[in-house]
Amino acid sequence: MLSARALRPLVVAGVLVLVWEGSKAAFSIPRYMLPHIHEILGEFLREGADGTPWVFIMAHNAGYTALESLIGFALGGFTGLGLAVLFARSRVLERGFLPYVMVSQTVPILAIAPMIVVWLGTSWVSKAVIAAYLTFFPVTVNMLRGLRAADPDALALMRALAATPRQVFVKLRFPAALPYLFTALRISATASVVGAIIGELPVGSRFGMGVVIINGAQYYNWQPANLWAAILVSALLGIAFYQAVAAVERRCVPWRPASV
């Protein structure tokens, strides 16, 4: 027997399928605008130009995007964490550099991605950097807030006991900031996948879900099931990253303050 918690996603998926198919029937939406669910799922069994089933083609490209996203997620996470620690320790650095960190997120990623690809080439490095660009900002802001969310009474007690700044950070500030950090990491996990896919869109990329999406949009205009299948795989990849971070959070942060 499945638990109620495990049944919820299945119920939601069932409702979405009913709404999808019901909308097609009610409004007579043609298949080139909105394919049937079974056509999207059947796309994974269709053979490609070289006879390879699309399920393997999708899996290969999804693995490539996952690697780029993972590297970018790690790079952006450590960058954001380092910036937050520096800003928390120095008001001068925070006032001097935090506005530029915020301004960096106002520039559209679609404008930055082609330049990064030109500078760093079409290898996985450029995609990882783009993923890191979307990842570091939530980590920086949330972690900075978390480092300053330590209990004032506990902070006063540690100072009264002559604790060093390092001891205060390791034993009080950092543990208090963990819920904020994992909140940012959950957001950044999905953003890293988006960044990697966007980095694959410029001309020159050979592998990745961005390439599959572009090919589906260009060559399957009248058979959009391939494009929808690529979108489904990309969404599942983002969900997998999110759930992986949530699983680590459950192990590392068993306590969950109501205010977070």
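A crossing of two helices is termed right-handed if the near helix is turned clockwise from the far one by less than a right angle. In the predicted model described here, helix α6 passes helix α8 in a crossing of this right-handed kind. Helix α6 spans residues 124–147 and helix α8 spans residues 165–200. The axes of the two helices come within 7 Å and cross at roughly 155 degrees. Because angles over 145 degrees count as roughly antiparallel, α6 and α8 are therefore roughly antiparallel to each other. The contact of α6 with α8 comprises 19 nonpolar, 8 polar and 4 charged residues.

Helix α10, formed by residues 225–252, contains 28 residues. The distance from the first C-alpha of α10 to its last is 41 Å, close to the 40 Å expected at 1.5 Å a residue. Buried residues of α10 include Ala 225, Asn 226, Ala 229, Ala 230, Val 233, Ser 234, Leu 237 and Gly 238. Phe 241, Val 245, Ala 246 and Glu 249 of α10 are likewise buried. An α-helix has 3.6 residues a turn, so residues three or four places apart point the same way. The buried residues of α10 pack against helices α2 (37–42), α3 (54–89), α8 and α9 (209–219).

Ile 213 is located in helix α9. Apart from residues up to four places away in sequence, Ile 213 touches Ile 197, Leu 227, Ala 230 and Ser 234. Ile 213 and Arg 145 lie 68 residues apart along the chain, and their C-alpha atoms are separated by 37 Å.

Conventions. Residues are numbered from 1 along each chain as its sequence is written. This is a predicted model: local features need pLDDT of at least 70, side-chain atom pairs count only at pLDDT 80 or more; totals for chains, interfaces and linings use all residues. Side-chain values use heavy atoms; hydrogens and water are left out. Axes are lines fitted to C-alpha atoms, for helices over the stretch in contact, and angles run from 0 to 180 degrees between N-to-C directions. Helices (H or I, at least four residues) and strands (E, at least two) are DSSP runs, numbered from the N terminus. Angles under 35 degrees count as roughly parallel, over 145 as roughly antiparallel, 65 to 115 as roughly perpendicular and the rest as oblique. Ala, Val, Leu, Ile, Met, Phe, Trp, Tyr, Cys and Pro count as nonpolar, Asp, Glu, Lys and Arg as charged, and the others, Gly among them, as polar. The expected span of a helix is 1.5 Å times one less than its number of residues. Buried means under 20% relative accessible area, exposed over 50%, partly exposed in between (1.4 Å probe, protein chains only). Contact means heavy atoms within 4.5 Å.
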